[in-house]
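Me: Could you take a close look at the metal site in this model and walk me through it? I'd enjoy one connected answer.

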Amino acid sequence: MSEHALPSILINDFSENDILRLPPDFYKKASSYLNKSDIKKIQKAYTLAFYAHEGQLRRDGSKYITHPVAVSNILLDLKMDPDSICAALMHDVLEDCDVNKNNLKKLFGDSVAEIVDGVSKLGKLDITSKNDRDANNLQKMMLAMSKDVRVVLVKICDRLHNMRTIEHLPRSKQIKKSKETIELYGPLALRIGMQDIRAELEDLAFRCIHPLRASMLESAIKKSSGGRKRIVSKIRRELKRHLKSNGVENVGVKGREKNIYSIYRKIKSKHKPFSEILDVYGFRILVDSIDDCYRSLGIIHNYFAPIENRFKDYIAIPKSNGYQALHTSLLALNAFPIEVQIQTRNMSEIASYGIAAHWQYKTADEDSNSELRATKWLSGLIDLQKKSNNPEEFAQSIKTDLDSDEVFLFSPKGDVYALRRGSTPIDFAYEVHTDLGDTIVGCKVNRSEVPLNVELETGQTVEIITSKSGSDLDPSWLNYVVTSKARSAIRSRLRKQKVSDARKAGKVMLETELKRGGTSLDEYRGSALKKILDSIGVTSLNKLLTDLGLGKRTGSIIAERFYSGLQIREGIKEPKPVLIIDNKIESVRVRFARCCLPCYGDNVVAHSDTERGMVIHHKKCKQVTPFIKKDPRYMPAIWGENKKDHLYKVRIDINTEDKVGVLSDVSSVFARSGINIGYVNTKTIDKKFAGFEIQIEVKDKQELRQIMQKIRAMKITTSCKRNINEK
Ligand code: MN
């Protein structure tokens, strides 16, 4: 609670007179690459942050505003876009000032508001991981929570400034933050390819945790550096001379300094003495083209003896964060082992700044839409996939990083679990321990109680409430669990029950379902009941109830049969029930089939699958066409109104002329229409044509039709068809 409430005029709107001047250095840096209207927006952000933090102090006694200014300064050095700069200036204003997300939206637009909100949310994850698995899950969770990758960028720069000024914190907090930095923020920076910031983060954290070891290492490096410098510059000159005399133009050769934490890590993990690790000299050769990379490699291998088995081609097979270079180890001047990285200048820029290099703001360039460039970076990565020797793993790493099929959840103790998207508290309980699943009676999510069939979301803390006497065995749980662990555990418990118990449970279940539809089991007798049982395919009611209790059949689907039986008896002409796909179906989980990926507006069929609940297929999908008429488990379905505003995944096949950059041309059409790409599979058709299978997200059939028209209108397109798994 700040005593200086924010002047309401600032929240409602800024007049020209309210706007404060930027600090001079900051202004100079910003105006070196941003235009006037961008600067005006940044000034507004600065003004709001200034008043929001007025009266607040940092631990070192300086005004709080100096922190957000320093953070956005780091982003200015990366030449980031104005929205990121604004968000960085205001990244702490949602915390304890009188500003909310809507104010920001009104004043600065959606993307600034979303970035600030995302950074605040990440800030609330106050966590230190206990093991490697947790650390890895936490990194993924942070990426999953940040729909816009700029959230992670701002967060990393925030951490960098906090680490630079860490000496003002109490010792215990210093250690905690430093550990977090090494486990979480360093690897996260690496994941999005920011090598330089990662090195600085790690060194700061290492110096804080082990000040003595760090200073010993540093003085050892210094001691050896006199002679070292001479050798380094001699080798550098040699390398440059050989490359030039062999016709490689515009070569840069740099001696490469390793950061102290990476030296320390090597000493620890490889159990090698310090001298041996330091005696490896690192060099980076920068050239203009990929061709020159390979030529340079050949040339230096002619002059210096390569050390066997140390060559790595990350140009042909890039690392999953997009890093590209040739690595080789040689013996220079007959005595010194050297490590050489060869890159184009462009590759080197991307290696230092990572995804930030793609967000960089270029005013002069017409094609300066940074979002578009980031999308290109992504599709570029997908292009690289073709060259990777393990494409599956590669695709997986990108996919889980940017469009996660998993949700990441905390136990109350702070352990992190990765579960399939769609998981419920029951799935979570069985994931943690079978005993926990077998005794679950309730659940709290972020401290408030929720039903057991609620879908869990990334970042939530899940507390399972158990009872010593065990949970009531409920076969309907099978309708909403999604993990195989939970499903098989529930099955095996159900199988262990006595037949009479199963029948009882089945009866309770069916009665509950029927009650929902305003009827009861008593209303069904004699031949009407017989007809229904026939249509289901069971010999007796007892058998049906036992099946239900054992989880072999789904209650709500059986209930549907009973309703339609009643309607037949009452003479209402509706031979088959119609399933309405909407949010009201609580007891059955509705899923969209992955084989045909239907979207809102399609003609669809519902398949009641005992394993998976209701699965919605496209009417023309070959998985369902043979059965629609004969099999009662398939019923027509229509879309409910409240399913309209969802995003549906659909798949389209595009064939184009095979030219350089076709994929980025195609993906920019999606980007311009604001359509997300899920994945791209490339197929080579022949020398002239390329094929892509692309998964995108659309609101409905209408939007899909429009975007397909745009793709067809491109010169290079030869065909564009939706894939609904037809025959
Ligand atoms: Mn901060």
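Reply: Happy to start with His-67: at 1% relative accessibility it counts as buried, where buried means under 20% relative accessible area, exposed over 50% and partly exposed in between, with a 1.4 Å probe and protein chains only. This is a predicted model, in which local features need pLDDT of at least 70, side-chain atom pairs count only at pLDDT 80 or more, and totals for chains, interfaces and linings use all residues. Residues are numbered from 1 along each chain as its sequence is written, and side-chain values use heavy atoms, with hydrogens and water left out.

His-67 gives its NE2 atom to the manganese ion, which is also coordinated by His-91 (NE2), Asp-92 (OD) and Asp-158 (OD), at 2.2 to 2.6 Å. Donors here are N, O and S atoms within 2.8 Å of the metal (3.2 Å for Na, K and Ca); water is not among the atoms, so the site may look incomplete. Along the chain, the donors of the manganese ion follow the spacing H-x23-H-D-x65-D. That pattern links distant parts of the chain: His-67 lies in helix H4 (residues 66-77) and Asp-158 in helix H10 (residues 149-164), 91 residues apart. Helices (H or I, at least four residues) and strands (E, at least two) are DSSP runs, numbered from the N terminus.

And Asp-158 itself? With 6% relative accessibility, Asp-158 counts as buried.

For a look elsewhere in the chain, Glu-693 sits in strand E19 (residues 689-698) and, at 16% relative accessibility, also counts as buried.
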